[in-house]
Amino acid sequence: MSAVESGKVVIFGAGGPVGAAAIASLKQEYVIRCTDATAIEEIVAEERRQSQRAPLPELLSAPHENRVVDVTDYDQVRAACEGMDAAINLTVVRPHYEKAFTVNLVGAYNVAKACVETGVCRLIHTGPFHTALGHNADYWHDHGLVDDIPLHPGDDLYALTKYLGGEVTRVFAEEHDLDVVTYLYCGFRPREILPEERGQGVHPFLVSWEDTGEAFVNGLRVPDTPNAYEVFFIAAPTPDGKHSFAKAKRLLGWEATDTWEELYKRPS
Amino acid sequence: MSNRVVVTGADRALGAMLCRELARDYEIVACGVADDTAIGCRAVDLRSQDSVEQLVAGAHAVVHTQPYDPPKATEQELLHLITRGTYVLINAAAEAQVQRIVLISQLAVMERYPDHFVVDPSWRPLPAATAVSLAPYLAELTCREIARTGKIQVICQRLGALGAEDGTSEQDAATEVRRALAREMTRLEHQWRVSHVVSSGCFSGVGT
């Protein structure tokens with residue numbers, strides 16, 4: 001394994017808010033190939049935000065590149081990986097019956113396979129950590145949850161298809177010389193806390209979009225991890241005791257800077 | 001209770017054999033990727049929710065052999081067919097109050113362990129990073145995770161190559177599927193079970 005200190009990085013799903021955060025954090029020190037199923041130019045021009053306060057990607061100019069790539073099309077994915085040092089897969093489809101499988105699972109297969117075939121040595125894969133799926137094995141009532149526990153997606157389309165995509169990526173990582181760092185998320189919000197939000201409480205497993213961007217720098221630069229496929233919870237620790245985020249700090253050197261005291265502490 | 005059993009993959013060797021064997025005791029609804037009137041098999045795309053809802057209506061159980069012997073397809077199409085097909089099938093079956101799925105998977109997912117290891121069904125599968133190898137493994141995960149919710153029972157049987165020297169004989173395959181269909185299971189025990197069905201070779205007689 002080797003750290004990717006600089007060089008070229010392809011981002012799949014760069015048009016979403018996590019992609020926007022990744023672009024903002026990586027653009028100074030990496031040359032980025034920003035790809036999405038929708039043209040980044042169109043996303044920016046039409047201000048297609050995921051939610052009202054979600055960030056939009058910056059439209060980068062040369063030496064960076066913007067490209068339309070459908071992750072369900074292997075040839076497009078492989079071409080996007082050509083010449084890259086690292087890849088970041090942020091693609092996701094949630095409620096759509098067909099695309100959930102083709103993007104979250106087949107897309108993950110295409111990205112992992114293309115990385116192996118083109119010599120990309122580090123892949124950052126992403127997915128959700130769900131705890132409120134409505135079945136008895138969903139960890140909802142548990143505490144002290146750590147990064148490496150097996151996911152129990154139940155019958156939830158989004159959770160299951162991303163889980164299967166993660167398993168496919170793990171198999172590629174363990175069979176080939178592919179170094180995969182996987183980030184699991186639950187909730188996102190902007191860094192800025194509005195006055196009316198103060199003291200209103202916090203959802204556990206919450207991270208600011210701004211902090212997610214910085215985590216990609218750490219994920220590219222970590223020199224070594226114990227396993228070929230290493231999973232990390234990416235969020236800020238909160239006093240509820242539900243999740244531990246110590247592994248990201250220990251192995252990646254990343255910890256959230258936005259820690260939400262203003263949300264979970266009563267205003268004095 | 002209904003005596004009807006749906007068999008997927010009925011246009012392939014294993015599925016067709018199971019249809020013949022099980023027809024002695026059950027009313028069989030056979031489906032595959034293509035119509036085959038000679039064996040009473042009708043074409044059903046398991047990814048189609050409407051088609052699958054009709055397929056499983058009134059059934060007691062489903063014997064899902066497609067992940068064991070899938071049709072020829074591109075890598076991407078194969079993964080989509082097996083995972084989404086299994087997802088649609090198991091959810092439609094649960095919705096229709098089908099009691100049980102018997103999932104037929106491939107023993108090949110365990111064959112990457114060294115021969116001198118005593119491998120039983122509790123060991124972690126080791127599929128290769130190919131669509132052909134991953135497809136049955138992903139079908140298992142789909143069924144296991146949905147069974148974990150308690151909405152349906154799944155008995156997974158991993159079979160070796162049908163009729164091969166170190167594989168699974170037709171007779172053993174039919175006997176074990178019949179046994180899986182008849183097995184008593186309560187809602188208080190694990191709703192996912194996995195076993196190896198092998199007639200000879202290194203997996204034979206180990207925790208099956």
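Is A:Val231 buried or exposed? A:Val231 is buried, because 22 other C-beta atoms lie within 10 Å. Here a residue is buried with 20 or more other C-beta atoms within 10 Å of its own, exposed with 12 or fewer, and partly exposed in between; C-beta atoms are placed from the backbone.

## Ground rules

This is a predicted model: local features need pLDDT of at least 70, side-chain atom pairs count only at pLDDT 80 or more, and totals for chains, interfaces and linings use all residues. Residues are numbered from 1 along each chain as its sequence is written, while chains are lettered from A and ligands numbered from 1 in the order in which they are written.

Helices (H or I, at least four residues) and strands (E, at least two) are DSSP runs, numbered from the N terminus.

## A residue in chain A

A:Val231 sits in strand S9 (residues 229–233) of chain A. Leaving out residues up to four places away in sequence, A:Val231 touches A:Asp147, A:Asp148, A:Thr182 and A:Leu184. Two residues are in contact if their C-beta atoms, placed from the backbone, lie within 7 Å. A:Ala248 is 17 residues from A:Val231 in sequence and 8.9 Å away in space, C-alpha to C-alpha.

## Where the chains meet

In chain B, 21 residues are in contact with 21 residues of chain A. Helix H3 (75–95) and helix H4 (131–148) of chain B each supply at least two residues of the side that touches chain A. The largest share, 8 residues, comes from H4(B). By class, this side of chain B has 10 nonpolar, 7 polar and 4 charged residues. Ala, Val, Leu, Ile, Met, Phe, Trp, Tyr, Cys and Pro count as nonpolar, Asp, Glu, Lys and Arg as charged, and the others, Gly among them, as polar.

## Two helices side by side

The axes of H3(B) and H4(B) come within 9 Å and cross at roughly 20 degrees. That makes H3(B) roughly parallel to H4(B). Angles under 35 degrees count as roughly parallel, over 145 as roughly antiparallel, 65 to 115 as roughly perpendicular and the rest as oblique. Axes are lines fitted to C-alpha atoms, for helices over the stretch in contact, and angles run from 0 to 180 degrees between N-to-C directions.

The residues in this contact include B:Leu78 and B:Ile82 of H3(B), and B:Leu138 and B:Ile146 of H4(B). The contact of H3(B) with H4(B) has 13 nonpolar, 3 polar and 1 charged residues.

## The sheet of chain B

Chain B holds an open sheet of 7 strands, in the order S3-S2-S1-S4-S5-S6-S7, with parallel pairing. Two strands pair if DSSP finds at least two bridges between them. The edge strands are S3 (41–43) and S7 (192–197) of chain B, each pairing on one side only. From one strand to the next, the twist averages 20 degrees.

S5(B) and S6(B) pair in the parallel sense over 7 bridges. B:Ile104 stands opposite B:Gln157 in S6(B). H4(B) lies across strand S5 (100–106), strand S6 (153–159) and S7 of chain B, at about 155 degrees to S5(B).

## An enclosed strand and an exposed residue

In S6(B), 7 of the 7 residues are buried, so the strand is largely enclosed by the rest of the structure. B:Gln153, B:Ile155, B:Gln157 and B:Leu159 are buried on one side, and B:Val154, B:Cys156 and B:Arg158 on the other.

B:Glu184 is in the loop between H5 and S7 of chain B. B:Glu184 is exposed, because 5 other C-beta atoms lie within 10 Å.
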